[in-house]
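Okay, thanks for coming, everyone.

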Amino acid sequence: MVRAAVFLGVAAAVSGCARRPVPYRFRAPLVDGVAAAPVAPRPQRAEFATSRAITPPVPLAPETRRRRAPRAPTGPVSPARAALYALVGTRAGGDPARFAVAALERLGLRLAPEVAAAADGPALVAAARARGALFRRGPVALGDLVVFDGLQGAGPAALVGVVTASRADGTVEFIYLGMGVVRRGYVHVARPRDRRDRDGRVLNTWLRVRRGHYARGLAGDVFSTYIRLDRLTR
């Protein structure tokens, strides 16, 4: 009897030491007769609560955000060519043909109304054809346009670039808007399926025109026509 009383006393002391000074709180009563203050729900984050009401982001102007610094061109560069090179690596929205028109207007050129109003590549080609500006052979000059067809998943005149330079071997350099970024490309019409020459220089660029997936083709293989700049101005 004495040993049992001692054991019960020790057990009571231990249970008293382990008792929490502050009672537990639960979100809701676990059993009837136990009162627990309900916990206020966590407020919903604003961006999730209003996600359906957010409008699509406005495309940034080319000069507002740069993806990467363009490669520095070699040799003397005219102010007009430098202005086009400065766009490489920047982000822009809209149709590639609209970007090409905006790039020419950025140089201070006064384009014909039907050219300036062209909404896409086919409309721009139609306006250029009406002015006798299309050509496929012969030298190209700074500011001429280059048009590409037949890209995977895209229609005619899906991509329009602005000529920035040409090499003695017939390779033409241009800038274009691909997947929301202004890029530098190369095309060699006489060697349409050659990626590089023996010295490793790029002859034809893989062109990318659609955001979200790679709709692409080798530039020389999907080349359509050139457009003369001097036939597009007023």
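So, start with S1 and S8, which pair in the antiparallel sense over two bridges. Strands here are DSSP E runs of at least two residues, helices are H or I runs of at least four, both numbered from the N terminus, and two strands pair if DSSP finds at least two bridges between them. Before I go on: this is a predicted model, with local features needing pLDDT of at least 70 and side-chain atom pairs counting only at pLDDT 80 or more, while totals for chains, interfaces and linings use all residues. Residues are numbered from 1 along each chain as its sequence is written, and side-chain values use heavy atoms, with hydrogens and water left out.

Back to the strands. Phe135 stands opposite Tyr226 in S8. S8, residues 223–227, also runs antiparallel to S2, residues 145–148, with four bridges joining them. There, Val146 has Tyr226 as its bridge partner, and Val147 has Thr225. Five of the five residues of S8 are buried, so the strand is largely enclosed by the rest of the structure; buried means under 20% relative accessible area, exposed over 50%, and partly exposed in between, using a 1.4 Å probe and protein chains only.

Zooming out, the open sheet has six strands in the order S1-S8-S2-S3-S4-S5, with antiparallel pairing. S1 (134–135) and S5 (181–187) are at the edges with a single partner strand each, so one side of each has no neighbour in the sheet.

Now the rings. Phe135, Phe148, Phe174, Tyr176, Phe223 and Tyr226 are linked into a cluster by ring pairs. Rings of Phe, Tyr and Trp (its six-membered ring) pair if their centres lie within 6.5 Å; planes under 30 degrees apart are stacked, over 60 edge-to-face, and the rest tilted. That gives five aromatic pairs. One of them, Phe148 with Phe174, is tilted, at 5.3 Å centre to centre and 40° between the planes. Phe148 sits in S2 and Phe174 in S4, 26 residues apart, so to speak linking distant parts of the chain. Both Phe148 and Phe174 are buried.

Last stop, helix H6, residues 121–130, where Gly121, Leu124, Val125, Ala127 and Ala128 are buried. These cover an arc of only 160° around the axis, which puts them on the same side of H6; the arc is taken from the directions from the helix axis to the C-beta atoms. Over on the other side of H6, Arg129 and Ala130 are exposed. After H6 comes Gly132, with a positive phi near 65°.
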